[in-house]
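Thanks, everyone, for making the time this morning.

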Amino acid sequence: MLLELKNVRKAYGDKVAVDNLSLDVPKGVIYGIIGPNGAGKTTTIRMIMNITVPDSGEVLLDGQRVTSDFRNRVGYLPEERGLYKKMTLEEVIVYMGELKGRTRRELIAKIDPWLQRMNLAEYRLKKVEELSKGMQQKLQFVTTIIHGPDLIILDEIFSGLDPLNIELIKDIILDLKREGKTILFSTHVMEQAEKLCDHVCMINRGQKVIDGRLNEVKAGFGKNSVQIDIEGDGGFIAELEGVGGVTEFNNYIELNLEEKADTNCILKAIADRVLVRRFDIVEPSLYNIFIDTARIDPAELNNKGGTTDV
Ligand code: ATP
């Protein structure tokens, strides 16, 4: 395991921000942390970075307690953004990269390709204060990864970016994964978490309520439905085994499936009697999983036998 959190806890006065949280982040994955506002995501990330010291529990990198060289191996984009406004883009990138142990020469060679990729090349010698908020965020992302860290931690990377820039950052995150890097990010943007994560962890009120590979979390949620478009009388469909309910819409019929429904059998049974124009299995979206899970008090989930650990 690249990164492990073992029973970490942090309270501010009598407010428990993170409660006995354990996470395992394997090497080479994209790991998403989701959760409502105030759930404890930033506190968790700050404990990983050793900016906030846990009251109890420990954070391990490669099985060892983190040491001083830790920060050179990690690229961290904090939730609160901030770059030196009077410096030029080039100066900021070199300054941040040198802090992480890279030479000026190495960094200078990397600046143009990165700024071009971010559509910021023409600003290389301009001051940071001349950039818009979203542009500054892209620049800060460059300073986070310019030293080639193998663990990249991004707190709310997508907030404040337009859809084109969200796509740009998403593609870079995928490239970083292909290079073997490990990326841990927090987000409220479920669509991006859904597109990117190999593994997803949801925190609610300081506790872990979902933890698993994205496809397994979805399968475990067990609320698939099927949308069909047929020609003929579909009155018999509601009676088929595995079909829990039928809702008719203008152009299609939606079947709510029971937990262990066999979609192949259902398709065959329908196709035997009527013409099927469309048969789409619709997975539960991460958005819906988030909403349904966030409504449940974590204590209630734990009483029922713990998290959706898969
Ligand atoms: P958001 O999505 O809104 O950024 P989050 O999941 O990152 O939220 P945290 O910032 O980790 O949540 O906050 C978790 C809880 O800890 C909240 O109840 C917050 O009020 C509390 N908290 C965080 N930092 C402090 C602090 N420095 N002092 C007191 N309470 C704090």
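**Ligand, rings and backbone**

A polar side-chain atom of Glu 79 lies 2.9 Å from an oxygen atom of the ligand, a polar contact in the sense of a pair of N or O atoms within 3.5 Å, where within protein one atom must be able to donate a hydrogen and the other to accept it, and residues adjacent in sequence count only if both atoms are side-chain atoms. Before I go on, please keep in mind that this is a predicted model, in which local features need pLDDT of at least 70 and side-chain atom pairs count only at pLDDT 80 or more, while totals for chains, interfaces and linings use all residues. Residues are numbered from 1 along each chain as its sequence is written, and side-chain values use heavy atoms, with hydrogens and water left out.

His 188 also has a polar side-chain atom 2.9 Å from a ligand oxygen, and for Lys 41 the distance from a side-chain N or O atom to an oxygen of the ligand is 2.7 Å. Taken alone, the ligand exposes 640 Å², of which the protein buries 63%; these accessible areas come from the Shrake-Rupley method with a 1.4 Å probe, and for residues only the protein chains shown count as cover.

Which elements give two or more residues to the shell around the ligand? They are β2 (15-25) and α1 (41-48), where helices (H or I, at least four residues) and strands (E, at least two) are DSSP runs numbered from the N terminus. Helix α1 gives the most, with 3 residues. In total 13 residues surround the ligand, and the closest are Gly 38, Lys 41, Thr 42, Thr 43 and His 188; a residue is near a molecule if one of its heavy atoms lies within 4 Å of it. By class, the shell divides into 4 nonpolar, 6 polar and 3 charged residues, with Ala, Val, Leu, Ile, Met, Phe, Trp, Tyr, Cys and Pro taken as nonpolar, Asp, Glu, Lys and Arg as charged, and the others, Gly among them, as polar.

Let me turn to the aromatic rings. Searching the whole structure gives 3 aromatic pairs, where rings of Phe, Tyr and Trp (its six-membered ring) pair if their centres lie within 6.5 Å, and planes under 30 degrees apart count as stacked, over 60 as edge-to-face and the rest as tilted. One of them joins Tyr 84 and Tyr 95, whose ring centres are 5.5 Å apart with planes at 90°, so this pair is edge-to-face. Tyr 84 sits in the loop between β6 (74-77) and α3 (89-99) and Tyr 95 in helix α3, so the pair ties together parts that are 11 residues apart in sequence. Tyr 84, at 46% relative accessibility, counts as partly exposed, and Tyr 95 is partly exposed with a relative accessible area of 32%; here buried means under 20% relative accessible area, exposed over 50%, and partly exposed in between (1.4 Å probe, protein chains only).

Another pair is formed by Phe 158 and Phe 185, with ring centres 6.0 Å apart and planes at 90°, so it too is edge-to-face. This pair links distant parts of the chain, with Phe 158 in the loop between β7 (151-155) and α6 (163-178) and Phe 185 in strand β8 (residues 182-186), 27 residues apart. Are these two residues, Phe 158 and Phe 185, buried or exposed? Both are buried.

Two charges sit over rings, and the criterion is that NZ of Lys or CZ of Arg is within 6 Å of the ring centre and within 35 degrees of the ring normal. Lys 10 lies over the face of Tyr 12, at 5.5 Å from the ring centre, and Arg 278 over the face of Tyr 252, at 5.3 Å.Now to the backbone, where most residues other than glycine have a negative phi. Asn 50, in the loop between α1 and β4 (56-61), has a positive phi near 65°, and at 42% relative accessibility Asn 50 counts as partly exposed. Glu 156, in the loop between β7 and α6, has a positive phi of about 55° although it is not a glycine, and at 4% relative accessibility Glu 156 counts as buried.

Finally, Asp 233 lies in the loop between β11 (225-231) and β12 (243-248) and is exposed, with a relative accessible area of 63%. A polar atom of the Asp 233 side chain lies 2.9 Å from the backbone nitrogen of Gly 235.
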